[in-house]
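These are my notebook entries on one structure. I record what I looked up and what I found.

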Amino acid sequence: MELKFGEYRLRHFRRGDEPSIAANINDRKIERYTLNIPYPYDLKCAREWVGFNLKLYRKKQSPQLNLAIDLAGEVIGGIGLFSISGHRAELGYWLGVKHWGKGIVTAAVRTLTRHALKELKLLRVYATVLPVNKASARVLQKAGYKYEGRMVKQHLKRGKPQDALLFAKTR
Ligand SMILES: CC(C)(COP(=O)(O)OP(=O)(O)OC[C@H]1O[C@@H](n2cnc3c(N)ncnc32)[C@H](O)[C@@H]1OP(=O)(O)O)[C@@H](O)C(=O)NCCC(=O)NCCS
């Protein structure tokens, strides 16, 4: 599958993506704001990630849909739906630091959310954001997500409880 916005594409991960994934994701600034992205993140991590997704793409009904944010063949970020269950799914994303602040992820969130609500026929897409992550909260607001509240001690990060801000877009 492929979804386009401007010069960017959302597409399946594939073999050969590993160097650009590792080059763009391997950053403390990304690890800091996310729950499941390790730092350091090396080629082995990228190989496992691509292999994991290649298996999922073959499934008829998959609980996750992870896509590369592609610029001219390079993976500069990732966006995905996970915990897909019945009528709802959770959204997650990251972008290589050198590409921050250009509106790329806001456009990617708009594009994938439209696909989720219209083509996948979901009724609800939601995302949780660490309170310190102002940029991500802003992305969701700009993409039309509504703030639903603060989930107290929702996550454990490095063994420490963390609140999460809940956002959702529904149809
Ligand atoms: C969050 C992230 C995906 C944003 O991607 P991006 O393409 O740079 O986002 P956009 O350019 O579309 O929008 C960012 C918005 O946040 C704003 N912003 C950035 N830093 C901010 C801060 N410290 N405080 C308030 N707003 C901030 C920008 O000004 C922009 O809003 P504007 O258009 O109104 O000016 C990217 O920073 C990232 O990968 N972060 C690390 C991983 C992560 O946080 N993933 C999400 C987990 S919930």
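Which residues in H1 meet which residues in H3? I find that Glu18, Pro19, Ile21 and Ala22 in H1 meet Leu43, Cys45, Ala46, Arg47, Trp49 and Val50 in H3.

Entry on source and numbering. I note that this is a predicted model, in which local features need pLDDT of at least 70 and side-chain atom pairs count only at pLDDT 80 or more, while totals for chains, interfaces and linings use all residues. Residues are numbered from 1 along each chain as its sequence is written. Helices (H or I, at least four residues) and strands (E, at least two) are DSSP runs, numbered from the N terminus.

Entry on H1 and H3. I looked up the geometry of this pair next. The axes of helix H1 (residues 18–25) and H3 come within 8 Å and cross at roughly 120°. That makes H1 oblique to H3. Axes are lines fitted to C-alpha atoms, for helices over the stretch in contact, and angles run from 0 to 180 degrees between N-to-C directions. Angles under 35 degrees count as roughly parallel, over 145 as roughly antiparallel, 65 to 115 as roughly perpendicular and the rest as oblique. The crossing of H1 and H3 is right-handed; a crossing has this hand if the near helix is turned clockwise from the far one by less than a right angle, and is left-handed if anticlockwise.

Entry on H4 and H5. For helix H4 (residues 104–119) and helix H5 (residues 134–142), I find axes that come within 9 Å and cross at roughly 45°. H4 is therefore oblique to H5. H4 passes H5 in a right-handed crossing. Val105, Thr106 and Val109 in H4 meet Val139, Leu140 and Lys142 in H5. I count four nonpolar, one polar and one charged among the residues of this contact of H4 with H5.

Entry on the ligand. Which element gives the most to the shell around the ligand? I find that H5 does, with five residues. The ligand is surrounded by 21 residues, of which the closest are Tyr33, Val105, Thr106, Lys134 and Ala135. A residue is near a molecule or strand if its C-beta atom, placed from the backbone, lies within 6 Å of it. Helix H2 (28–33), strand E5 (88–95), H4, strand E6 (124–129) and H5 each supply at least two residues of this shell. The shell residues divide into 12 nonpolar, six polar and three charged.

Entry on the sheet. I find eight strands in an open sheet of mixed pairing, in the order E1-E2-E3-E4-E5-E6-E8-E7. Strand E1 (2–5) and strand E7 (146–157) are the edge strands, each pairing on one side only. Two strands pair if DSSP finds at least two bridges between them. Neighbouring strands of this sheet are turned by 25° against each other on average, direction ignored. E1 and E2 run antiparallel and are joined by four bridges; Glu2 stands opposite Arg11 in E2. Strand E2 (residues 8–12) and strand E3 (residues 65–71) also run antiparallel, with five bridges. Tyr8 stands opposite Leu71 in E3, and the bridge partner of His12 in E3 is Leu67. H4 lies across E1, E2, E3, strand E4 (74–85), E5, E6 and strand E8 (160–170), running at about 160° to E5.

Entry on the backbone. Most residues other than glycine have a negative phi, and most peptide bonds are trans. I find that Ala72, in the loop between E3 and E4, has a positive phi of about 55° although it is not a glycine. A cis peptide bond joins Tyr39 and Pro40, with omega about 0°. Pro40 lies in the loop between H2 and helix H3 (43–58).

Terms used. Two residues are in contact if their C-beta atoms, placed from the backbone, lie within 7 Å. Ala, Val, Leu, Ile, Met, Phe, Trp, Tyr, Cys and Pro count as nonpolar, Asp, Glu, Lys and Arg as charged, and the others, Gly among them, as polar.
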